[in-house]
Amino acid sequence: MDMILLDWTRMGRAYCIAGAVWQDQQWRIVRPLLTNFRQGPVRTVGWSAYLLDGHVRWEIMELIGPQPATPEPPHVEDLWVRSLRFRGATASLEQRRAILTTTLPRAGESLFGSDLATTRTAVYQRPGTGARSLATLLVPSDSIHFVGVWREGCAEPDIRASLTLPDWGNRSLPVKDHHLLRKAEQAGPDIEQRIQFLTAAVQRMGDPVAVRLGLSRPFVGRSDLPGMCWVMADGFFSLMDPQP
Amino acid sequence: MTYTIQDAIAHLLCRLNEVLQRLEKSTSSVEDPNKPLADLLDSMAMVEWLAVVAEDHRISLAAIEECLGRRIGTIAEMAAQLHSAGWVPNSTNNPRRAPSLVAPVPPASVRPCWLVRTSVQLPDSIESAASINAKLQRPAGWLERHAGIHQRRIWADQDSLAAASQAGSACLEQARWPTEKVGALLVTSEAPPLLTGMAANLNHRLRLEPHAPAIEIGGACTGFLAAFRIAQGLLDQVGSVLVIAVEAATRYLHVQPGPAGEDAALFGDGAAACLLCRDPQGVDAVPVGPVVLGADGSSAGLLQAELLQNGVEFRMRRFELASRAVEAMARSVRELAGRHGLSISDLDAIVVHGGNGRLPGLLARKLGLPPERIWSATPQTGNLGSASLPVAWAAHPLPKGRSIWTAVGAGLMWGAVMLGNPDA
């Protein structure tokens with residue numbers, strides 16, 4: 001099974017990836033997970049940097065030994081695979097646009113197929129509900145603002161994007177887009193420089209920007225409560241010319 | 001009193017513990033201000049906490065991050081930075097002493113819904129201010145001048161529960177919404193005509209399905225907003241909720257010479273119903289945003305009810321109560337509008353609970369709005385308690401743009417909700 005790599009986010013030192021597979025005459029989004037960790041209590045083991053570094057989004061990869069995973073809503077896209085193999089090819093411009101467009105919510109449909117709840121700044125969904133954990137939202141580039149702060153002792157700053165979500169108004173979402181963050185880091189060590197870079201980079205994408213939104217795995221603070229799946233900004237793409 | 005770094009530390013710790021609890025992070029309290037915040041907060045909790053602190057200081061989240069140099073170490077360090085910048089929170093040492101007048105967090109798990117129809121049943125009997133002044137042994141024009149009330153509606157011999165039922169029936173008929181599709185009935189009242197089983201009684205009178213939950217909601221004069229809030233939580237399960245407010249204050253409060261009788265003279269009777277649906281129904285349906293509610297029990301003494309042998313007496317600290325009420329509603333409106341990125345002038349109307357007939361004018365002045373933008377029926381009906389908001393709303397043509405309903409009630413409780421599309 002071939003997958004076009006679409007979402008590439010950071011989860012600590014590992015990566016979390018998702019992509020599109022062409023199945024039954026339509027694009028289907030999947031989140032490949034390593035079968036080796038199938039018996040683990042939670043599906044939060046990401047992919048190693050050794051395997052992925054040097055590659056880019058929109059590359060085509062073979063999913064080896066795919067097996068359906070028991071859906072754990074909202075993460076219904078999970079798919080067990082034995083390994084990944086890059087094909088050395090990338091998706092065409094038309095395929096990229098089609099994948100982004102296909103994953104937009106339909107008119108009247110909620111982003112993740114279920115109600116979201118808000119906190120003062122963010123949005124989350126309870127585990128066990130929802131029809132998907134990944135979606136695309138079209139946003140005017142000049143309405144996206146980046147902010148950030150560095151918790152001393154952490155390896156990297158917490159960068160957030162301020163976006164307007166349908167029904168929920170302006171929300172501040174953690175930015176997990178690995179490629180954009182990596183380029184921002186190359187812009188300089190200072191957080192201000194990185195924010196300036198991110199702002200300029202997104203403005204260069206033109207209008208509208210296709211923002212990939214993803215729900216995190218449940219953050220469980222107390223064992224007697226179900227946890228919260230936070231909405232995160234997983235990727236920022238130019239819709240006209242979806243870049244790697 | 002001087003605001004010290006220790007005060008700042010106490011404030012930050014208090015807010016931190018509130019946020020950790022709200023985000024279900026911990027049940028134990030953080031007390032060490034020198035512990036690295038990276039060990040205490042993940043990125044989601046940190047931004048929530050910073051947003052709370054920013055709001056307390058009446059500044060933006062971005063401004064507080066800039067003040068801290070975009071680096072956060074410990075609470076002690078942060079308190080020193082904020083203190084040296086001269087920033088003092090709205091509420092000093094203990095934030096609980098002076099809570100924000102709007103619930104700090106928008107209600108979770110609540111999606112906007114639609115107000116499909118509103119219907120009102122006012123009593124047939126009208127008692128003029130002249131008649132009330134005579135009962136109070138006050139000179140002509142006294143009630144009008146002191147309370148801005150020109151007349152009030154009273155049930156007299158009318159069956160108030162039947163009137164409430166008529167309000168509900170009319171609401172459903174006008175909405176073309178069959179009774180079997182009503183998913184739940186919420187009934188609110190500050191002065192109920194029936195002390196027990198009122199919701200069940202109305203469920204029966206309206207011939208709603210027996211399995212449709214019939215629930216009574218308190219909340220005094222904010223009861224209608226409280227009912228809206230509960231309805232928004234129910235709508236995903238039940239699809240539609242009929243909210244009824246019925247007030248029979250004149251049954252309990254006796255107009256007679258003296259302060260208690262003068263307070264009683266402020267209140268009138270009435271009933272109103274609103275149909276709320278998850279999805280828009282009909283061309284007149286108006287979107288309803290999340291309801292914000294707040295409470296400050298330390299101010300309960302401003303308005304108390306005392307049970308007597310022949311009824312109930314209200315004890316009001318009138319001027320203080322009016323001042324707090326106007327302040328709370330003005331702030332609720334400003335904060336709610338601001339939360340939607342709107343200014344006060346963007347609102348077509350502010351539908352206000354009129355504790356007395358002068359409050360709407362005072363609120364207009366406080367907000368810098370012309371009086372006609374503040375909707376209240378109190379001068380013509382008396383204080384209708386929980387029914388005052390829908391009665392005022394129904395007395396005007398539907399606004400094309402945005403409006404805010406706001407109320408303050410005994411407790412002290414307050415609340416607000418935006419109607420209309422904030423992005424329109």
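In the predicted model, the contact between the chains takes 27 residues from chain A and 30 residues from chain B. On chain B, four elements each supply at least two residues to the side that touches chain A: helix 2 (37-40), helix 3 (43-56), helix 4 (61-67) and strand 1 (71-72). Helix 3 of chain B gives the most, with 7 residues. By residue class, the side of chain B that touches chain A divides into 16 nonpolar, 8 charged and 6 polar residues.

Strand pairing also links the two chains. Strand 11 of chain A (residues 145-151) pairs with strand 1 of chain B in the parallel sense, over 2 bridges. Within strand 1 of chain B, Ile72(B) is the bridge partner of Arg151(A).

Phe219(A) provides a further link to chain B. This residue is found in a loop of chain A, between strand 14 (209-215) and strand 15 (229-238). Beyond its neighbours within four places in sequence, Phe219(A) is in contact with Met44(B), as well as with Gly227(A), Met228(A) and Trp230(A). Phe219(A) counts as partly exposed because 17 C-beta neighbours lie inside 10 Å, whereas a buried residue needs 20 or more. Pro127(A) is 92 residues from Phe219(A) along the chain, yet their C-alpha atoms are separated by 9.5 Å.

Chain B as a whole was also examined. Its secondary structure comes to 16 helices and 16 strands. Of the 424 residues in chain B, 51% are buried. Among chain B contacts between residues at least 6 apart in sequence, 75% join residues at least 24 apart.

Definitions and conventions
Residues are numbered from 1 along each chain as its sequence is written. Chains are lettered from A and ligands numbered from 1 in the order in which they are written. This is a predicted model: local features need pLDDT of at least 70, side-chain atom pairs count only at pLDDT 80 or more; totals for chains, interfaces and linings use all residues. A residue is buried if 20 or more other C-beta atoms lie within 10 Å of its own, exposed if 12 or fewer, and partly exposed in between; C-beta atoms are placed from the backbone. Two residues are in contact if their C-beta atoms, placed from the backbone, lie within 7 Å. Ala, Val, Leu, Ile, Met, Phe, Trp, Tyr, Cys and Pro count as nonpolar, Asp, Glu, Lys and Arg as charged, and the others, Gly among them, as polar. Two strands pair if DSSP finds at least two bridges between them.
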